[in-house]
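Here is a short briefing for a reader meeting this structure for the first time. Please look it over, then read the points below.

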Amino acid sequence: MIELLCKRTGASIRTVCQTMELSRSSYYHATTETPSQKADRNIGLAIQRIFKLHRSCYGHRRIWRELRDEGIVCSPSRVSRLMAERGLRAIQPRTFVLRTSDGRADKPADNLLKVAPKVERND
């Protein structure tokens, strides 16, 4: 916000901070990335790479295992949070439903070909 005000008004950061009654050191502290934010960014890029590599089928648990195998240390909840921030959701496979049976395996259907009349060929 302060940078936007500086661009629009042409004022310096010092002037904008004094007008907003904010110390310049607070502004510069807020603009620098913390070590955890840097790590989140790097882990997030690795998560996106693994997610694309496995065609959106891996959830946070599998991705966490992949990261662990690559030597990246983090918790599964952190992976879950970073995936949610980036909008990454694993594709859930459909449950298998058998559709070829009527559900009565104890009494199979009659073989209609055995009782059908023979068909003669007409030339």
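Leu67 is in contact (heavy atoms within 4.5 Å) with Ile43, Ala46, Ile47, Ile50, Ile72, Cys74 and Val79, leaving aside its neighbours within four places in sequence. This is a predicted model, in which local features need pLDDT of at least 70, side-chain atom pairs count only at pLDDT 80 or more, and totals for chains, interfaces and linings use all residues. Residues are numbered from 1 along each chain as its sequence is written, and side-chain values use heavy atoms, with hydrogens and water left out.

**Nonpolar cores**

- A nonpolar core is a set of buried Ala, Val, Leu, Ile, Met, Phe, Trp, Tyr and Cys residues joined through side-chain atoms within 4.5 Å.
- Buried means under 20% relative accessible area, exposed means over 50%, and partly exposed lies in between, with a 1.4 Å probe and protein chains only.
- The largest nonpolar core has 13 residues. Those with the most contacts inside it are Ile43, Ile47, Ile63, Leu67, Val79 and Met83.
- Helices α4 (35-53), α5 and α6 each supply at least two residues of this core. The most come from α4, which gives five residues.
- A second, separate core has five residues, including Ile2, Cys6, Val16 and Tyr27.
- In soluble globular proteins, nonpolar side chains tend to be buried together.

**Helices α5 and α6**

- Helices here are DSSP runs (H or I, at least four residues), and strands are runs of E of at least two, numbered from the N terminus.
- Helix α5 covers residues 60-70 and helix α6 covers residues 76-86. They pack at an angle of about 115°, with their axes 9 Å apart.
- Axes are lines fitted to C-alpha atoms, for helices over the stretch in contact, and angles run from 0 to 180 degrees between N-to-C directions.
- The contact is made by His60, Ile63, Trp64 and Leu67 of α5. From α6 come Pro76, Val79, Ser80 and Met83.
- The residues of this contact divide into six nonpolar, two polar and no charged. Nonpolar covers Ala, Val, Leu, Ile, Met, Phe, Trp, Tyr, Cys and Pro; charged covers Asp, Glu, Lys and Arg; the others, Gly among them, are polar.

**Pro76**

- Pro76 sits in helix α6. Pro76 counts as partly exposed because its relative accessibility is 31%.
- Pro76 touches His60 and Trp64, not counting residues up to four places away in sequence.
- Pro76 and Val115 are 39 residues apart in sequence. In space they are 62 Å apart, C-alpha to C-alpha.

**Leu5**

- Leu5 lies in helix α1 (residues 2-9). With 31% relative accessibility, Leu5 is partly exposed.
- Leu5 touches Gly10, Val16 and Met20, not counting residues up to four places away in sequence.
- Leu5 and Val16 are 11 residues apart in sequence and 7.3 Å apart in space, C-alpha to C-alpha.

**Positive phi in loops**

- Glu21 is in the loop between α2 (13-19) and α3 (24-31). Its phi is near 55°, a positive value in a residue other than glycine.
- Glu21 counts as exposed because its relative accessible area is 74%.
- Ser56 is in the loop between α4 and α5. Ser56 is not a glycine, yet its phi is positive, at about 65°.
- Ser56 is partly exposed, with a relative accessible area of 23%.

**Cysteines**

- A disulfide is counted as a pair of cysteine sulfur atoms within 2.5 Å. By this rule the count comes to zero disulfides.
- Cys57 is partly exposed, at 39% relative accessibility.
- Cys74 is buried, at 15% relative accessibility.
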